[in-house]
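User: I would like to go through this model and ask what stands behind each label. Please set the value against the definition each time.

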Amino acid sequence: MLTVETPRLLFTSTPTSVMRSRLTVSDFLAEVEVGRCETAGPEGRLTVHFPEEWPGEDALRMFPIWLARRERSADTGPWCDGVVVRREDHLAVGSMGFKSPPDATGTVEIGYAVNRSLWRRGYATETVEAIVTWALTRPEVRRVTAECLESNPASARVLTKSRFLQVGRRPSVEGELLLWECRAPVARHDRPAPERARIAGEPAGQA
Ligand SMILES: CC(C)(COP(=O)(O)OP(=O)(O)OC[C@H]1O[C@@H](n2cnc3c(N)ncnc32)[C@H](O)[C@@H]1OP(=O)(O)O)[C@@H](O)C(=O)NCCC(=O)NCCS
């Protein structure tokens with residue numbers, strides 16, 4: 001399990017039980033183990049509200065596939081999908097994470113979505129920056145990649161703001177895909193949110 005806190009948000013690996021629940025229920029509360037952190041305190045647990053619009057239609061379509069993968073393969077640790085929780089009210093506001101563990105070249109790909117009613121509040125950028133910063137501290141990671149449709153300027157903007165560079169493009173059945181990567185550490189630049197991002201269990205300032 002990986003938990004990363006930013007000023008407004010908390011990212012944590014999505015529990016398997018939550019994925020299973022979401023396939024049958026569309027608005028529910030669930031206890032989520034997040035580890036000792038500022039949001040959860042020493043108990044390390046939060047009651048999270050998962051609204052109907054979480055995790056978004058793309059991620060929801062993937063849930064059966066991700067569940068099947070979890071059942072047949074070894075624990076992937078932090079390299080899996082996660083939930084973005086708003087710290088002030090423990091609402092699940094997005095779905096984000098790593099598509100698989102880093103490959104032999106040290107490449108790991110991210111995917112991300114925010115509940116439609118909460119777009120344009122900076123939530124995607126704040127969390128993408130935080131999890132990419134964390135990933136690039138791992139010795140097994142050399143670069144983080146992402147893909148977005150050319151017809152999705154909001155997604156491209158999130159990546160640009162998170163210091164990704166466009167490195168290519170390729171056609172897909174849904175349209176032209178832009179390919180992005182981030183190699184340099186993104187922790188130390190002039191945006192305040194990721195500078196204060198923290199990994200649960202670590203003292204402030206280590207992220
Ligand atoms: C892409 C997505 C994650 C962005 O989430 P978000 O929380 O609204 O993103 P942020 O608020 O951090 O940043 C969005 C940026 O895109 C910009 N933006 C939004 N719509 C835009 C548009 N139609 N054209 C250009 N820029 C746009 C915003 O102005 C903002 O940039 P700014 O801060 O410079 O003003 C969200 O739209 C989403 O979940 N979409 C559906 C799933 C998806 O497309 N995921 C990406 C798959 S590659």
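User: What makes S7, H3 and S8 a right-handed β-α-β unit?
Analyst: In this predicted model, S7 (107-114), H3 (residues 123-137) and S8 (residues 143-149) form the unit, and its crossover is right-handed. The term applies if, with the strands pointing away from the viewer, the path from the first strand over the helix to the second runs clockwise. Helices (H or I, at least four residues) and strands (E, at least two) are DSSP runs, numbered from the N terminus. Residues are numbered from 1 along each chain as its sequence is written. Because the model is predicted, local features need pLDDT of at least 70 and side-chain atom pairs count only at pLDDT 80 or more, while totals for chains, interfaces and linings use all residues.

User: What joins S8 to S10?
Analyst: Six bridges join S8 to S10 (residues 175-182), and these strands run antiparallel.

User: Which residues of S8 are on the covered face, and which on the uncovered one?
Analyst: Val 144, Ala 146 and Cys 148 make up the covered face, whereas Arg 143, Thr 145, Glu 147 and Leu 149 make up the uncovered one. In a regular strand the side chains alternate between the two faces of the sheet.

User: Why is His 90 called partly exposed?
Analyst: A residue is buried if 20 or more other C-beta atoms lie within 10 Å of its own, exposed if 12 or fewer, and partly exposed in between, with C-beta atoms placed from the backbone. His 90 has 16 C-beta neighbours inside 10 Å, so it counts as partly exposed. His 90 lies in the loop between S5 (81-86) and S6 (91-98), and its phi is near 60°, a positive value in a residue other than glycine.

User: Why is Arg 120 called exposed?
Analyst: Arg 120 has 8 C-beta neighbours inside 10 Å and therefore counts as exposed. Arg 120 is in the loop between S7 and H3, with phi near 65°, again positive in a residue other than glycine.

User: What makes a set of residues the largest nonpolar core, and which members touch the most others?
Analyst: A nonpolar core is a set of buried Ala, Val, Leu, Ile, Met, Phe, Trp, Tyr and Cys residues joined through C-beta atoms within 7 Å. The largest one has 47 residues, and Phe 11, Val 84, Val 85, Ile 110 and Ile 131 touch the most other members. H3 gives the largest share, eight residues. In soluble globular proteins, nonpolar side chains tend to be buried together.

User: Which residues does Phe 11 touch?
Analyst: Leaving out residues up to four places away in sequence, Phe 11 touches Thr 3, Val 4, Gly 82, Val 84, Met 96, Thr 127, Ala 130 and Ile 131. Contact means that the C-beta atoms, placed from the backbone, lie within 7 Å.

User: Which residues come nearest to the ligand, and which element gives the most to the shell?
Analyst: Ala 124, Thr 125, Pro 153, Ala 154 and Arg 157 come nearest among the 18 residues around the ligand. A residue is near a molecule if its C-beta atom, placed from the backbone, lies within 6 Å of it. H4 gives the most, with five residues.

Notes
Two residues are in contact if their C-beta atoms, placed from the backbone, lie within 7 Å. Two strands pair if DSSP finds at least two bridges between them.
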